[in-house]
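Have the sequence and the 3D view open as you read.

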Amino acid sequence: MGQYTLPVLLGILFGFVGRVVLLKSDYRHYPTHPHGMIIHLTLGFIAASLGSIAVPAIMEREYTAVTFLAVAAQHFREVRNMERETLTRMDQMELVSRGTTYIEGIAMTFEGRNYMAILIALLTTVVTTLSQRWWLGVLVALGSIAAALYLKSGKELGSIAEIRPARIRIEGADLYVDDIHIMNVGLEISRELIMKQGLGLILKPKSIDSVVTLSNLGQRQAILHDLAMGLGVYRDDDKPSLVPLTRRDLNDGRIAIFFLPQIKDMEEAIDILQRVPVLENAVRVPTQSDAHLERGSVHE
Amino acid sequence: MSNTTLEKYILAVLTTNPNRVTGGVPIFVFQSKEEIQEKIGMFESILGGMGHQLDHEIYLVVRH
């Protein structure tokens, strides 16, 4: 086993480091620490170990070791289930829920990042074992961590839509953001509160693809949730008339956002919106469909 | 809220003109529009629904 000790150790080390680097808790405070962090770091360590130990097993012609990786995949699918279950349960207690699309996205990310840890560990161990040079292994490990960091970041809302402030107005009992109807508010006190505390924003899609992506209800709920995380929300469970909403203009696909924040700060709201992740599960690219490509860009 | 909650359901109708509302919904008759405005907030809180104004006489409390 002597010849494999260093490669395996390097693999575990860098696989784990890769997981640590990819584990980022931000203003949304997820994963929670300390315990949420401990769970994911431990799983990351296990993933790294699985990845690097598979290499010497295969080198020693123990081909059944591949099944080992299948067990790992099974195990990390459980991670996804665990995250989904926790988040779904917690979502019922949020004033502005994340929505299932956002939750699926987060759960998928956790599963995917464990596979990244496995791959980094595997690659490091393979290179170190075959080249017999530890520094080459380290180089490849650092390279793959950098690649993972580059690949992990998805698109943000600012890149698919133009975000601008909009005026809130009430006509009779109807609430509008710019020219888009939001809802009918029966209670006069609520109308006054809305005029005083409400924020209105318009998202203008930058392409046909983003029109479809933005129409997704999960994506829209994610936008509201992130706004609530960033600015707080001015409502309680028994005040349905103050619930934040998004509505869509059917003609051009613009999205109107109506929101009552605790901290009324339009610039910060725009800043938060710029950074809302575009959910993997909401992305649609109709312009890439065969039907569209064959007809050329007639509709653009 | 649990998953068994009814969605899109009229919980109560508040009106100043009972002649225009019938059916299997709790109907509350008030003397004036102002009186409705005074009470409808309480209806929202108690029933967990949202108050909508249909016209100058009829208000609905709806669970969404």
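In β4(B), which residue is the bridge partner of B:Val13? The partner is B:Leu60. This is a predicted model, where local features need pLDDT of at least 70, side-chain atom pairs count only at pLDDT 80 or more, and totals for chains, interfaces and linings use all residues. Residues are numbered from 1 along each chain as written, chains are lettered from A and ligands numbered from 1 in written order, and side-chain values use heavy atoms, without hydrogens and water.

Let's start with chain B. Strands pair when DSSP finds at least two bridges between them.

β1 (residues 9-15) and β4 (residues 58-63) of chain B pair in the antiparallel sense over six bridges.

Now chain A. A:Glu171 sits in strand β2 (residues 168-171) of chain A. Its relative accessible area is 45%, so A:Glu171 counts as partly exposed (buried is under 20%, exposed over 50%, partly exposed in between, with a 1.4 Å probe and protein chains only). The C-alpha atoms of A:Glu171 and A:Met82 are 47 Å apart, with the two residues 89 apart along the chain.

Methods:
Helices (H or I, at least four residues) and strands (E, at least two) are DSSP runs, numbered from the N terminus.
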